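Hi everyone, thanks for making the time. Please bring up the sequence and the model, and let's walk through them together.

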Number of protein chains: 2
Amino acid sequence: MKLLEERILKDGIVLKGDVLKVGSFLNQQLDVPFLCEACKEFYRLYKDAGVTKILTIEASGIAIAALTAQYFGVPVVFAKKSKSDNIAADVYSGRVVSYTHGNEAQAIVSKEYISKEDRLLLIDDFLARGSALEALLAIAGQAGAAVVGAGIAIEKAYQGGGDALRAAGLRIESLARIASMDEEKGIVFC
Amino acid sequence: MKLLEERILKDGIVLKGDVLKVGSFLNQQLDVPFLCEACKEFYRLYKDAGVTKILTIEASGIAIAALTAQYFGVPVVFAKKSKSDNIAADVYSGRVVSYTHGNEAQAIVSKEYISKEDRLLLIDDFLARGSALEALLAIAGQAGAAVVGAGIAIEKAYQGGGDALRAAGLRIESLARIASMDEEKGIVFC
(Lines give C-alpha, C1' and ligand atoms only; values in the text may rest on other atoms or scores of the structure.)
Protein backbone atom coordinates (compact mmCIF):
# COMPACT_ATOMS: atom_id res chain seq x y z
CA MET A 1 0.00 0.00 0.00
CA LYS A 2 1.71 3.10 -1.33
CA LEU A 3 0.16 5.39 1.30
CA LEU A 4 1.70 3.49 4.22
CA GLU A 5 5.09 3.07 2.53
CA GLU A 6 5.26 6.83 1.94
CA ARG A 7 4.32 7.52 5.55
CA ILE A 8 6.99 5.14 6.86
CA LEU A 9 9.61 6.85 4.69
CA LYS A 10 8.44 10.29 5.89
CA ASP A 11 7.98 9.63 9.63
CA GLY A 12 9.52 6.26 10.49
CA ILE A 13 12.88 6.30 12.24
CA VAL A 14 15.28 3.37 12.04
CA LEU A 15 17.00 2.84 15.38
CA LYS A 16 19.76 0.54 16.55
CA GLY A 17 18.77 -3.04 17.31
CA ASP A 18 16.56 -3.43 14.24
CA VAL A 19 13.84 -1.12 15.62
CA LEU A 20 11.54 0.85 13.33
CA LYS A 21 10.05 3.66 15.36
CA VAL A 22 6.60 4.63 14.10
CA GLY A 23 5.37 6.12 17.37
CA SER A 24 4.22 9.30 15.68
CA PHE A 25 1.40 7.60 13.72
CA LEU A 26 1.04 3.89 14.56
CA ASN A 27 2.10 3.40 18.18
CA GLN A 28 1.79 5.73 21.18
CA GLN A 29 0.44 8.42 18.87
CA LEU A 30 -2.14 7.06 16.44
CA ASP A 31 -2.92 9.11 13.34
CA VAL A 32 -6.50 7.88 13.27
CA PRO A 33 -7.72 9.54 10.02
CA PHE A 34 -4.69 8.03 8.27
CA LEU A 35 -5.14 4.62 9.91
CA CYS A 36 -8.79 4.52 8.80
CA GLU A 37 -7.56 4.53 5.20
CA ALA A 38 -5.19 1.66 5.96
CA CYS A 39 -7.95 -0.28 7.71
CA LYS A 40 -10.32 0.16 4.76
CA GLU A 41 -7.68 -1.68 2.74
CA PHE A 42 -7.93 -4.69 5.11
CA TYR A 43 -11.68 -4.62 4.52
CA ARG A 44 -11.22 -4.50 0.74
CA LEU A 45 -8.87 -7.51 0.91
CA TYR A 46 -10.99 -9.67 3.24
CA LYS A 47 -14.56 -8.48 2.69
CA ASP A 48 -15.63 -11.75 0.99
CA ALA A 49 -13.96 -14.03 3.56
CA GLY A 50 -16.96 -14.33 5.90
CA VAL A 51 -15.16 -12.75 8.86
CA THR A 52 -17.17 -13.02 12.10
CA LYS A 53 -14.60 -11.59 14.50
CA ILE A 54 -11.25 -9.82 14.55
CA LEU A 55 -8.58 -11.16 16.89
CA THR A 56 -5.61 -9.03 17.95
CA ILE A 57 -3.22 -8.62 20.86
CA GLU A 58 -2.80 -5.72 23.28
CA ALA A 59 -1.79 -2.97 23.20
CA SER A 60 -0.79 -1.53 19.86
CA GLY A 61 -2.95 -3.90 17.80
CA ILE A 62 -6.17 -2.73 19.43
CA ALA A 63 -6.62 0.57 17.58
CA ILE A 64 -6.24 -0.81 14.05
CA ALA A 65 -8.32 -3.86 14.96
CA ALA A 66 -11.18 -1.65 16.22
CA LEU A 67 -11.00 0.72 13.25
CA THR A 68 -10.99 -2.27 10.87
CA ALA A 69 -13.83 -4.05 12.65
CA GLN A 70 -16.25 -1.19 12.02
CA TYR A 71 -16.01 -1.74 8.26
CA PHE A 72 -16.78 -5.44 8.71
CA GLY A 73 -19.48 -4.74 11.31
CA VAL A 74 -17.98 -7.38 13.65
CA PRO A 75 -16.55 -7.43 17.22
CA VAL A 76 -12.88 -7.38 18.18
CA VAL A 77 -11.38 -9.75 20.72
CA PHE A 78 -7.97 -8.79 22.04
CA ALA A 79 -5.59 -11.20 23.74
CA LYS A 80 -4.19 -9.89 26.98
CA LYS A 81 -0.52 -10.34 27.77
CA SER A 82 0.30 -12.01 31.05
CA LYS A 83 3.77 -12.43 32.46
CA SER A 84 2.55 -15.29 34.63
CA ASP A 85 2.94 -18.87 33.49
CA ASN A 86 -0.11 -19.87 35.51
CA ILE A 87 -2.80 -20.19 32.87
CA ALA A 88 -6.37 -20.38 34.16
CA ALA A 89 -8.65 -23.15 32.94
CA ASP A 90 -11.14 -20.79 31.34
CA VAL A 91 -8.76 -19.21 28.81
CA TYR A 92 -7.05 -20.07 25.54
CA SER A 93 -3.39 -19.13 25.45
CA GLY A 94 -0.26 -18.90 23.33
CA ARG A 95 3.31 -17.92 24.07
CA VAL A 96 4.62 -14.62 22.63
CA VAL A 97 8.30 -13.81 22.43
CA SER A 98 9.26 -10.18 21.87
CA TYR A 99 12.70 -10.07 20.29
CA THR A 100 12.62 -6.25 20.37
CA HIS A 101 12.00 -6.11 24.10
CA GLY A 102 13.85 -9.32 24.97
CA ASN A 103 11.02 -10.82 26.99
CA GLU A 104 8.17 -13.29 26.69
CA ALA A 105 4.58 -13.47 27.83
CA GLN A 106 1.43 -15.52 27.51
CA ALA A 107 -1.32 -14.15 25.25
CA ILE A 108 -4.65 -15.14 26.79
CA VAL A 109 -8.30 -14.91 25.73
CA SER A 110 -11.33 -15.97 27.79
CA LYS A 111 -12.93 -19.03 26.24
CA GLU A 112 -16.33 -17.35 26.17
CA TYR A 113 -15.25 -14.91 23.44
CA ILE A 114 -14.18 -17.30 20.65
CA SER A 115 -16.04 -20.38 19.45
CA LYS A 116 -15.69 -23.00 16.74
CA GLU A 117 -18.31 -21.14 14.70
CA ASP A 118 -16.00 -18.14 14.36
CA ARG A 119 -14.10 -17.14 11.24
CA LEU A 120 -11.28 -14.97 12.54
CA LEU A 121 -9.26 -12.25 10.89
CA LEU A 122 -5.99 -11.69 12.78
CA ILE A 123 -4.85 -8.05 12.86
CA ASP A 124 -1.58 -6.64 14.17
CA ASP A 125 0.61 -3.62 13.64
CA PHE A 126 3.91 -5.46 13.10
CA LEU A 127 5.00 -8.85 11.80
CA ALA A 128 8.66 -9.78 12.21
CA ARG A 129 9.52 -13.31 13.32
CA GLY A 130 5.83 -14.12 13.65
CA SER A 131 5.62 -14.88 17.35
CA ALA A 132 2.47 -12.83 18.01
CA LEU A 133 0.67 -14.35 15.02
CA GLU A 134 1.67 -17.84 16.14
CA ALA A 135 0.19 -17.14 19.58
CA LEU A 136 -3.07 -15.94 18.00
CA LEU A 137 -3.13 -19.03 15.74
CA ALA A 138 -2.66 -21.23 18.81
CA ILE A 139 -5.58 -19.50 20.52
CA ALA A 140 -7.77 -19.91 17.42
CA GLY A 141 -6.76 -23.56 17.18
CA GLN A 142 -7.67 -24.27 20.80
CA ALA A 143 -11.08 -22.68 20.16
CA GLY A 144 -11.58 -24.70 16.98
CA ALA A 145 -12.19 -21.45 15.09
CA ALA A 146 -11.28 -20.94 11.43
CA VAL A 147 -8.67 -18.32 10.58
CA VAL A 148 -9.37 -16.60 7.25
CA GLY A 149 -6.03 -14.80 7.30
CA ALA A 150 -4.01 -12.01 8.81
CA GLY A 151 -3.87 -8.28 8.13
CA ILE A 152 -0.61 -6.62 9.10
CA ALA A 153 0.36 -2.97 8.86
CA ILE A 154 4.14 -3.37 8.62
CA GLU A 155 5.96 -6.63 7.84
CA LYS A 156 9.70 -6.86 8.33
CA ALA A 157 9.86 -9.34 5.46
CA TYR A 158 13.60 -9.89 5.85
CA GLN A 159 13.01 -11.55 9.23
CA GLY A 160 11.17 -14.39 7.54
CA GLY A 161 8.28 -14.88 9.96
CA GLY A 162 5.67 -13.93 7.37
CA ASP A 163 7.00 -16.21 4.66
CA ALA A 164 7.27 -19.16 7.05
CA LEU A 165 3.61 -18.73 8.02
CA ARG A 166 2.59 -18.29 4.37
CA ALA A 167 4.43 -21.52 3.54
CA ALA A 168 2.39 -23.19 6.28
CA GLY A 169 -0.78 -22.06 4.48
CA LEU A 170 -1.76 -18.83 6.22
CA ARG A 171 -2.99 -15.97 4.05
CA ILE A 172 -1.15 -12.82 5.15
CA GLU A 173 -1.81 -9.38 3.71
CA SER A 174 0.76 -6.79 4.78
CA LEU A 175 0.22 -3.16 3.81
CA ALA A 176 3.96 -2.43 3.78
CA ARG A 177 6.69 -5.08 3.41
CA ILE A 178 10.21 -4.06 4.30
CA ALA A 179 12.95 -5.86 2.37
CA SER A 180 15.80 -4.24 4.28
CA MET A 181 16.31 -1.58 6.89
CA ASP A 182 19.43 0.17 8.05
CA GLU A 183 20.23 3.29 10.10
CA GLU A 184 22.38 4.67 7.31
CA LYS A 185 20.98 3.24 4.08
CA GLY A 186 17.36 3.66 5.17
CA ILE A 187 14.36 1.51 4.29
CA VAL A 188 13.80 -0.53 1.13
CA PHE A 189 10.38 -2.06 0.46
CA CYS A 190 9.75 -5.40 -1.27
CA MET B 1 -27.00 7.46 27.33
CA LYS B 2 -29.89 5.02 27.31
CA LEU B 3 -28.23 2.67 24.83
CA LEU B 4 -25.23 1.99 27.08
CA GLU B 5 -27.32 1.67 30.25
CA GLU B 6 -29.49 -0.95 28.56
CA ARG B 7 -26.43 -2.84 27.36
CA ILE B 8 -24.91 -2.82 30.86
CA LEU B 9 -28.13 -4.19 32.31
CA LYS B 10 -28.28 -6.87 29.61
CA ASP B 11 -24.64 -8.02 29.50
CA GLY B 12 -22.82 -6.55 32.50
CA ILE B 13 -22.09 -8.89 35.39
CA VAL B 14 -21.56 -7.61 38.93
CA LEU B 15 -18.83 -9.59 40.66
CA LYS B 16 -17.47 -9.60 44.18
CA GLY B 17 -15.03 -6.84 45.07
CA ASP B 18 -17.02 -4.09 43.35
CA VAL B 19 -16.18 -5.34 39.85
CA LEU B 20 -18.50 -4.73 36.90
CA LYS B 21 -17.58 -7.21 34.20
CA VAL B 22 -18.28 -5.83 30.73
CA GLY B 23 -15.78 -8.04 28.93
CA SER B 24 -18.35 -9.12 26.35
CA PHE B 25 -18.67 -5.67 24.75
CA LEU B 26 -16.25 -3.10 26.24
CA ASN B 27 -13.15 -4.97 27.40
CA GLN B 28 -11.46 -8.07 25.97
CA GLN B 29 -14.32 -8.41 23.48
CA LEU B 30 -15.23 -5.08 21.91
CA ASP B 31 -18.63 -4.75 20.24
CA VAL B 32 -17.31 -2.25 17.72
CA PRO B 33 -20.56 -1.39 15.87
CA PHE B 34 -22.16 -0.69 19.26
CA LEU B 35 -19.14 1.27 20.54
CA CYS B 36 -19.21 3.46 17.41
CA GLU B 37 -22.65 4.71 18.49
CA ALA B 38 -21.32 5.48 21.97
CA CYS B 39 -18.29 7.28 20.51
CA LYS B 40 -20.49 9.42 18.25
CA GLU B 41 -22.07 10.67 21.47
CA PHE B 42 -18.66 11.87 22.70
CA TYR B 43 -18.32 13.73 19.42
CA ARG B 44 -21.77 15.31 19.78
CA LEU B 45 -20.89 16.48 23.29
CA TYR B 46 -17.42 17.90 22.51
CA LYS B 47 -17.56 18.79 18.82
CA ASP B 48 -17.38 22.55 19.49
CA ALA B 49 -14.56 22.32 22.06
CA GLY B 50 -11.68 22.69 19.56
CA VAL B 51 -10.22 19.25 20.35
CA THR B 52 -6.80 18.73 18.73
CA LYS B 53 -5.93 15.36 20.24
CA ILE B 54 -7.46 12.55 22.29
CA LEU B 55 -5.46 11.27 25.26
CA THR B 56 -6.17 7.86 26.79
CA ILE B 57 -4.38 5.09 28.65
CA GLU B 58 -3.62 1.53 27.59
CA ALA B 59 -5.09 -0.97 27.11
CA SER B 60 -8.87 -0.83 27.30
CA GLY B 61 -9.15 2.90 26.60
CA ILE B 62 -7.46 2.60 23.20
CA ALA B 63 -10.37 1.22 21.20
CA ILE B 64 -12.95 3.82 22.23
CA ALA B 65 -10.35 6.58 21.90
CA ALA B 66 -9.52 5.51 18.33
CA LEU B 67 -13.17 5.11 17.33
CA THR B 68 -13.98 8.54 18.83
CA ALA B 69 -10.98 10.24 17.21
CA GLN B 70 -12.18 9.41 13.71
CA TYR B 71 -15.28 11.59 14.21
CA PHE B 72 -13.10 14.49 15.36
CA GLY B 73 -10.50 13.86 12.65
CA VAL B 74 -7.69 14.05 15.23
CA PRO B 75 -4.91 11.72 16.48
CA VAL B 76 -4.95 9.62 19.65
CA VAL B 77 -2.08 9.52 22.11
CA PHE B 78 -2.15 6.69 24.60
CA ALA B 79 -0.21 6.66 27.84
CA LYS B 80 1.73 3.45 28.41
CA LYS B 81 1.74 1.84 31.81
CA SER B 82 5.12 1.15 33.33
CA LYS B 83 5.71 -0.72 36.56
CA SER B 84 9.12 0.91 36.88
CA ASP B 85 9.58 4.02 39.00
CA ASN B 86 12.51 5.09 36.84
CA ILE B 87 10.98 7.77 34.65
CA ALA B 88 13.02 8.82 31.62
CA ALA B 89 13.70 12.52 31.01
CA ASP B 90 11.87 12.58 27.69
CA VAL B 91 8.42 11.60 29.00
CA TYR B 92 5.54 13.12 30.93
CA SER B 93 4.19 10.87 33.66
CA GLY B 94 1.49 10.39 36.28
CA ARG B 95 0.87 7.75 38.90
CA VAL B 96 -2.11 5.39 38.41
CA VAL B 97 -3.50 3.30 41.24
CA SER B 98 -5.77 0.41 40.29
CA TYR B 99 -8.02 -0.39 43.24
CA THR B 100 -9.54 -3.28 41.29
CA HIS B 101 -6.20 -4.94 40.66
CA GLY B 102 -4.51 -3.73 43.83
CA ASN B 103 -1.44 -2.37 42.11
CA GLU B 104 0.02 0.87 40.84
CA ALA B 105 1.93 2.00 37.80
CA GLN B 106 3.28 5.07 36.06
CA ALA B 107 1.38 6.31 33.01
CA ILE B 108 3.93 7.73 30.59
CA VAL B 109 3.78 9.65 27.30
CA SER B 110 6.74 10.75 25.17
CA LYS B 111 7.08 14.52 25.29
CA GLU B 112 7.12 14.75 21.50
CA TYR B 113 3.43 13.78 21.26
CA ILE B 114 1.76 16.49 23.38
CA SER B 115 2.50 20.21 23.28
CA LYS B 116 1.17 23.37 24.89
CA GLU B 117 -0.78 24.09 21.70
CA ASP B 118 -2.91 20.99 22.24
CA ARG B 119 -6.52 20.95 23.43
CA LEU B 120 -6.98 17.45 24.81
CA LEU B 121 -10.08 15.34 25.24
CA LEU B 122 -9.44 12.59 27.80
CA ILE B 123 -11.19 9.31 27.00
CA ASP B 124 -11.45 6.18 29.15
CA ASP B 125 -13.73 3.20 29.56
CA PHE B 126 -14.18 3.45 33.36
CA LEU B 127 -14.11 6.19 35.98
CA ALA B 128 -14.23 5.12 39.63
CA ARG B 129 -11.94 6.90 42.10
CA GLY B 130 -10.43 8.92 39.28
CA SER B 131 -6.84 7.76 39.46
CA ALA B 132 -6.40 7.24 35.71
CA LEU B 133 -7.92 10.64 34.90
CA GLU B 134 -5.68 12.29 37.48
CA ALA B 135 -2.64 10.71 35.83
CA LEU B 136 -3.75 11.99 32.42
CA LEU B 137 -4.38 15.46 33.88
CA ALA B 138 -0.87 15.42 35.36
CA ILE B 139 0.56 14.52 31.95
CA ALA B 140 -1.45 17.29 30.25
CA GLY B 141 -0.33 19.75 32.94
CA GLN B 142 3.35 18.89 32.48
CA ALA B 143 2.94 19.47 28.74
CA GLY B 144 1.15 22.78 29.31
CA ALA B 145 -1.75 21.51 27.19
CA ALA B 146 -5.38 22.52 27.74
CA VAL B 147 -7.87 19.83 28.73
CA VAL B 148 -11.34 20.47 27.29
CA GLY B 149 -12.86 17.66 29.33
CA ALA B 150 -13.24 13.93 29.70
CA GLY B 151 -15.46 11.36 27.99
CA ILE B 152 -16.10 8.24 30.02
CA ALA B 153 -18.10 5.18 29.07
CA ILE B 154 -19.04 3.97 32.56
CA GLU B 155 -18.74 6.04 35.73
CA LYS B 156 -19.11 4.37 39.13
CA ALA B 157 -20.57 7.60 40.50
CA TYR B 158 -20.88 6.20 44.02
CA GLN B 159 -17.08 6.05 44.29
CA GLY B 160 -16.89 9.83 44.10
CA GLY B 161 -13.89 10.25 41.82
CA GLY B 162 -15.94 11.93 39.09
CA ASP B 163 -17.64 14.42 41.39
CA ALA B 164 -14.34 15.36 43.05
CA LEU B 165 -12.83 16.14 39.65
CA ARG B 166 -15.95 18.04 38.56
CA ALA B 167 -15.71 20.09 41.75
CA ALA B 168 -12.13 20.89 40.78
CA GLY B 169 -13.41 22.27 37.47
CA LEU B 170 -13.08 19.40 35.02
CA ARG B 171 -15.91 18.81 32.55
CA ILE B 172 -16.74 15.10 32.61
CA GLU B 173 -19.33 13.49 30.35
CA SER B 174 -20.11 9.90 31.31
CA LEU B 175 -22.38 7.86 29.07
CA ALA B 176 -23.62 5.71 31.96
CA ARG B 177 -23.43 6.72 35.63
CA ILE B 178 -23.92 3.99 38.21
CA ALA B 179 -25.49 5.12 41.49
CA SER B 180 -25.19 1.73 43.17
CA MET B 181 -24.17 -1.78 42.28
CA ASP B 182 -24.64 -5.03 44.13
CA GLU B 183 -24.37 -8.72 43.28
CA GLU B 184 -27.90 -9.34 44.47
CA LYS B 185 -29.77 -6.07 43.97
CA GLY B 186 -28.14 -5.36 40.63
CA ILE B 187 -27.29 -2.01 39.07
CA VAL B 188 -29.04 1.33 39.62
CA PHE B 189 -28.17 4.29 37.40
CA CYS B 190 -28.10 7.93 38.49
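What you see is a predicted model, in which local features need pLDDT of at least 70, side-chain atom pairs count only at pLDDT 80 or more, and totals for chains, interfaces and linings use all residues. Residues are numbered from 1 along each chain as its sequence is written, while chains are lettered from A and ligands numbered from 1 in the order in which they are written.

Let's begin with chain A. Its secondary structure comes to 5 helices and 12 strands; helices (H or I, at least four residues) and strands (E, at least two) are DSSP runs, numbered from the N terminus. The radius of gyration of chain A is 16 Å, close to the 16 Å that the globule rule gives for 190 residues, so chain A is as compact as a globular protein of that length. For the record, that radius is taken over C-alpha atoms, and the rule is 2.2 Å times the number of residues to the power 0.38. The C-alpha trace of chain A spans about 50 × 35 × 30 Å along its principal axes.

How much of chain A is buried? Of its 190 residues, 45% count as buried. Here, buried means that 20 or more other C-beta atoms lie within 10 Å of the residue's own, exposed means 12 or fewer, and partly exposed is in between, with C-beta atoms placed from the backbone. As for contacts in chain A with a separation of 6 or more, residues 24 or more positions apart account for 60% of them. Two residues are in contact if their C-beta atoms, placed from the backbone, lie within 7 Å.

Now find helix H4 of chain A, residues 131–143. At 1.5 Å a residue, its 13 residues should span 18 Å, and the end C-alpha atoms are 19 Å apart, which agrees. The expected span is 1.5 Å times one less than the number of residues. Several residues of H4(A) are buried, among them A:Leu133, A:Leu136, A:Leu137 and A:Ile139. After H4(A) comes A:Gly144, with a positive phi near 75°.

On to the pair of chains. A rotation of 180° with 0.0 Å of shift along its axis superposes chain B on chain A, with an RMSD of 0.0 Å. That is the relation of a two-fold axis. The superposition is by least squares on the C-alpha atoms of residues with pLDDT of at least 70 in both copies.

Where do they touch? In chain B, 24 residues are in contact with 24 residues of chain A. The elements of chain B that give two or more residues to that side are strand E4 (29–30), helix H2 (32–46), helix H3 (61–72) and E6. H3(B) provides the largest share, 6 residues. By class, the side of chain B that touches chain A has 15 nonpolar, 6 polar and 3 charged residues. In this scheme Ala, Val, Leu, Ile, Met, Phe, Trp, Tyr, Cys and Pro are nonpolar, Asp, Glu, Lys and Arg are charged, and the others, Gly among them, are polar. Also, 100% of the interface residues of chain B are interface residues in chain A, so the copies meet through the same surface.

A:Ala59 is buried, with 22 other C-beta atoms within 10 Å. Leaving aside neighbours within four places in sequence, A:Ala59 is in contact with B:Glu58, B:Ala59 and B:Ile62.

Strands cross over as well: E6 of chain A, residues 76–82, joins E4(B) through 2 antiparallel bridges. Strands count as paired if DSSP finds at least two bridges between them. A:Val77 has B:Gln29 as its bridge partner there.

Finally, some strands within chain B. E7(B), residues 91–98, runs antiparallel to E8(B), with 8 bridges joining them. The two form a hairpin with 4 residues between them, and B:Gly102 in the turn has a positive phi of about 65°. B:Gln106 lies in E8(B) and is partly exposed, with 19 other C-beta atoms within 10 Å.

Last stop: E10(B), residues 146–156, and E11(B), residues 172–182, pair in the parallel sense over 6 bridges. E11(B) then pairs with E12(B), residues 186–189, in the antiparallel sense over 4 bridges.
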